[in-house]
Amino acid sequence: MNGKGHSEKIMDESQQGSTLTLEKTEDNTRKLYIESYGCQMNFSDSEIVASILAKEGFNTTNLLEEADLVLVNTCSIREKAELTVRKRLEKFNAVKKINPGMKVGVLGCMAERLKSKFLEEEKIVDMVVGPDAYKDLPNLIQEIDEGRNAVNVLLSKDETYGDVAPVRLNSNGVTAFVSITRGCDNMCTFCVVPFTRGRERSRNPQSILEEANDLWEKGFKEITLLGQNVDSYLWYGGGLKKDFKRATEMQKATSVNFAKLLDMVAMAQPKMRIRFSTSNPQDMTLDVIETMAKHKNICNYIHLPVQSGSDRILKAMNRLHTRAEYFELIDNIRRINPDCAISQDMITGFPTETEQDHQDTLSLMEYVKYDFGFMFAYSERPGTRAAHKLVDDIPEETKKRRLREIIALQQKHGLYRTQQHIGNIEEVLIEGSSKKSEAHWMGRNSQNTVVVFPKEHYKIGEFVHVSIKECTSATLIGEAVALSSNN
Ligand code: SAH
Ligand code: F3S
């Protein structure tokens with residue numbers, strides 16, 4: 001998952017044009033406006049929040065001005081992500097002047113990081129709720145209704161929201177996220193996530209299968225299994241991953257790892273496309289790659305962040321693999337799934353990064369030739385091990401110049417990869433209209449590359465065989481040949 005700073009409003013057409021409501025309306029509903037920032041998990045969490053609040057009589061609205069409750073699901077991954085949220089709070093402040101009854105709550109990673117300090121720093125905020133405390137929202141809302149501020153930032157050992165059926169927000173009705181793990185135990189030294197999302201725990205596979213089946217029944221055609229570190233998924237009856245060693249023999253014998261979970265989901269819905277994100281190289285095992293090869297409906301795409309190509313920097317980041325081990329993993333993926341697309345996350349300018357370390361990153365990229373990537377300049381995060389132990393010593397210009405160099409190389413590799421698709425006929429799942437042209441559909445192939453083609457008589461949600469004619473470094477352009485037999 002990547003903190004790409006996209007924002008989302010809940011769209012609910014039925015709410016449009018309705019009048020300003022400050023009190024509970026006759027049918028006892030109030031209006032909720034929710035915005036999400038950061039990783040896919042946050043977007044998925046907002047769907048859980050909307051579901052919990054629907055039971056409390058909240059209908060969603062896409063009009064900020066008419067909201068009784070405004071929630072912002074926040075990201076802390078880089079300083080810039082936090083600044084974006086602070087800017088939004090200024091906007092909410094302006095709206096509150098027109099609608100003084102409006103309450104504002106902050107959810108997610110910034111809530112967890114700043115806790116009640118948020119209330120002091122941002123006077124507009126009435127409520128601060130961490131990622132494991134969403135089931136407490138009804139109580140917290142009662143508190144703020146009674147005029148008190150409310151805070152719950154407790155992290156949990158077993159909360160996975162497995163029993164909450166998410167309300168799909170802003171959905172295309174075709175693709176959906178299904179969260180399978182929460183938290184992260186990896187402790188990469190630059191990363192704030194283990195502090196904001198707590199220790200790693202996995203969701204009951206049965207509830208994952210039920211959600212997948214339910215989505216299929218509702219017409220969805222593709223799911224992405226989500227977690228900070230999906231390959232580390234391990235169900236042994238509940239509880240933290242780190243406590244598995246204390247599990248009973250029976251629990252160990254019946255435990256479900258990620259490869260097994262993938263196998264179960266792929267078999268439960270053989271026509272549904274299955275994706276997953278994110279894979280940490282240190283946890284990805286051969287049986288996951290083999291399970292991908294075994295099932296046609298598991299997409300040929302792995303997001304495999306490496307962060308750096310230098311062994312010294314990988315060590316300082318506490319990434320628990322070497323450059324050579326990463327290459328071995330890449331070679332295994334290519335051997336078992338030759339058509340598999342691979343993408344990366346990279347960080348430039350981690351403390352002490354030398355020009356040679358940066359060259360090592362560039363040469364690693366040359367070896368893999370990633371299909372795409374998400375690249376960032378290092379941003380020191382308070383509370384992390386890197387912030388405690390290392391000086392953020394790489395000048396901003398150097399971080400930015402190195403970033404430009406890896407982005408340019410990635411673009412070259414992206415183009416190299418998209419060019420390999422020209423002349424192929426590939427199965428594409430139609431997700432919606434192309435952003436650039438109403439006359440074209442936009443969908444993805446198995447490798448997660450965007451494909452654009454004239455609409456003709458095809459419909460959203462259909463699998464179509466598309467003949468690939470042209471490309472840019474990120475998009476394939478083609479013409480539909482026929483419906484796929486997968487429909
Ligand atoms: N395992 C997670 C990683 C979340 S963070 C997942 O599911 O994707 C996403 C990416 O943000 C990381 O892979 C890393 O490249 C980047 N990132 C994290 N902390 C950062 C920091 N302090 N500065 C810059 N980039 C960072
Ligand atoms: Fe962060 Fe590393 Fe986990 S990047 S989310 S600590 S795998």
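Which residues line the second largest cavity? In this predicted model, the structure holds three cavities of 30 Å³ or more, and the second largest cavity contains about 50 Å³ of space. Its lining is formed by Ser44, Ile48, Thr160, Tyr161, Val164, Pro166, Arg168, Phe177, Val178, Ser179, Arg203 and Glu211. Two elements, helix 1 (40-54) and strand 8 (175-179), each supply at least two residues of this lining, and the largest share, three residues, comes from strand 8. When the lining of the second largest cavity is divided by class, six residues are nonpolar, three are polar and three are charged.

The second largest pocket has a volume of about 720 Å³. A total of 33 residues line this pocket, and those that lie nearest its centre are Lys296, Asn300, Asp339, Ser446 and Gln447. Helix 10 (286-294) and strand 18 (425-433) are the elements that give two or more residues to the lining of the second largest pocket, with the largest share, three residues, coming from strand 18. By class, the lining of this pocket comprises 10 nonpolar, 14 polar and nine charged residues.

Ligand 2 is surrounded by Cys184, Asn186, Met187, Cys188, Phe190, Cys191, Val193, Pro194, Gln228, Asn280 and Arg319. Seven residues of this shell are nonpolar, three are polar and one is charged.

The packing of two helices was considered next. In general, two packed helices are described by the angle between their axes and by the distance between the axes. Helix 13 (residues 355-368) and helix 15 (residues 396-419) pack at an angle of about 10 degrees, and their axes are 10 Å apart. Because angles under 35 degrees count as roughly parallel, helix 13 and helix 15 are described as roughly parallel to each other. On the side of helix 13, the contact is made by Glu355, His358, Thr361, Leu362, Met365, Glu366 and Val368, while helix 15 contributes Arg401, Arg402, Glu405, Ile406, Leu409, Gln410, Lys412, His413 and Arg417. The residues of the contact between helix 13 and helix 15 comprise five nonpolar, four polar and seven charged residues.

Two features of the backbone remain to be described. Serine 277 and threonine 278 are joined by a cis peptide bond, for which omega is about 10 degrees. Threonine 278 lies in the loop between strand 14 (273-277) and helix 10, and helix 10 is also one of the elements that give two or more residues to the lining of the second largest pocket. The other feature concerns lysine 115, which has a positive phi of about 50 degrees although this residue is not a glycine. Lysine 115 is found in the loop between helix 3 (109-114) and helix 4 (117-121).

Note on methods
Residues numbered from 1 in each chain as written. Chains lettered and ligands numbered in written order. Predicted model: local features only at pLDDT ≥ 70, side-chain atom pairs only at ≥ 80, totals over all residues. Heavy atoms only, no water. Axes fitted to C-alpha atoms, helices over the stretch in contact; angles between N-to-C directions. Helix = DSSP H or I, 4+ residues; strand = E, 2+ residues; numbered from the N terminus. Parallel < 35°, antiparallel > 145°, perpendicular 65-115°, else oblique. Contact = heavy atoms within 4.5 Å. Nonpolar A, V, L, I, M, F, W, Y, C, P; charged D, E, K, R; others polar. Near = heavy atom within 4 Å. 1 Å grid on protein atoms, 1.4 Å probe; cavity = no way out; pocket = protein on both sides within 12 Å on 5 of 7 lines; lining within 4 Å. Points joined across faces, edges and corners; volume = space filled by probe spheres on them.
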